[in-house]
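Me: I'm new to reading protein models and would like a close look at one part of this one. Could you pick a spot, walk me through it, and then show me how the rest of the chain is laid out?

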Amino acid sequence: VILVMDNSMSTARKVGTSTAFAQELTEARRLMQQLNSRDRLRVLLASPRPEWLSDSPVSAEASQIRDLLAQVEAAGPNPGTADMWECVQRALKAAPAGRDLARFVTVITDGQAYGWRPEASGAWSSLRALAGKVSPPIQMRVVVAGGGPGLINLAVEKVGATRAVVGVGQPATLVASVKNTGTGLSQSTTLLWSA
């Protein structure tokens, strides 16, 4: 079982009294508790680049599950984006835990559009073909946590500057392009700049 955890910046957003990331952790915990000690498990964090929590699959024993969940929780939402296509590709190409073992890849995400490359249908088709070529075929699914109707997901798409180089004490103008990739209207808000 390979679990891909989306910990991109958007997972830090509030969803009710919780966060999207906390809801993802709940889903991960629920999935892991369905496994038994004969199952092998690996977790891949998605942001800022795909990163395995362990070098190889571990036994899905209660102590290993606690350790993996603690590592995911400690990593928390990252201030970057996630390339979900790259993550799924990395999960599909991972060496199997054993000969003739079925492989299951589950992506737990907040459902943000950015990072999924929806315009690259050919790239996703190649991953689908890759999953079907191995024997037994790899089973894949995506679990969206923290979603729902009226979802607001503001994302900074691009940041630009009037000059490529700015010296000490010289004025510069920065421009940010912000897009709501959610399904609900966002209220006026403040963009906080920090360096």
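Reply: Happy to! Let's start with Leu154, which counts as partly exposed because its relative accessibility is 38%, and that falls between the 20% limit for buried and the 50% limit for exposed. Keep in mind throughout that this is a predicted model.

Leu154 sits in strand β9. With three residues, β9 is the element that gives the most.

Helix α2 covers residues 62-75, which makes 14 residues. From its first C-alpha to its last, α2 reaches 20 Å, close to the 20 Å expected at 1.5 Å a residue. Within α2, the residues Ile65, Leu68, Leu69 and Val72 are buried. Seen down the axis of α2, these buried residues fall within an arc of 95°, so they line one face of the helix.

What lies over the buried residues of α2? The cover includes β1 (2-5), α1 (20-33), β4 (40-45) and β6 (58-59). On the face turned away from the buried side, α2 carries the exposed residues Arg66 and Ala74. Just after α2 ends, Gly76 takes a positive phi of about 55°.

Finally, let's step back to the whole chain. Its secondary structure comes to four helices and 10 strands, and along the sequence they follow the pattern β-β-β-α-β-β-β-α-α-β-α-β-β-β. The C-alpha trace spans about 60 × 40 × 35 Å along its principal axes. Of the 195 residues in the chain, 36% are buried. The chain exposes about 11,500 Å², and carbon and sulfur atoms supply 53% of that area. If you take contacts between residues at least 6 apart in sequence, 70% of them join residues at least 24 apart.

Technical notes: Residues are numbered from 1 along each chain as its sequence is written. This is a predicted model: local features need pLDDT of at least 70, side-chain atom pairs count only at pLDDT 80 or more; totals for chains, interfaces and linings use all residues. Side-chain values use heavy atoms; hydrogens and water are left out. Helices (H or I, at least four residues) and strands (E, at least two) are DSSP runs, numbered from the N terminus. Buried means under 20% relative accessible area, exposed over 50%, partly exposed in between (1.4 Å probe, protein chains only). The expected span of a helix is 1.5 Å times one less than its number of residues. The arc is that of the directions from the helix axis to the C-beta atoms. Contact means heavy atoms within 4.5 Å. Accessible areas come from the Shrake-Rupley method with a 1.4 Å probe; for residues, only the protein chains shown count as cover.
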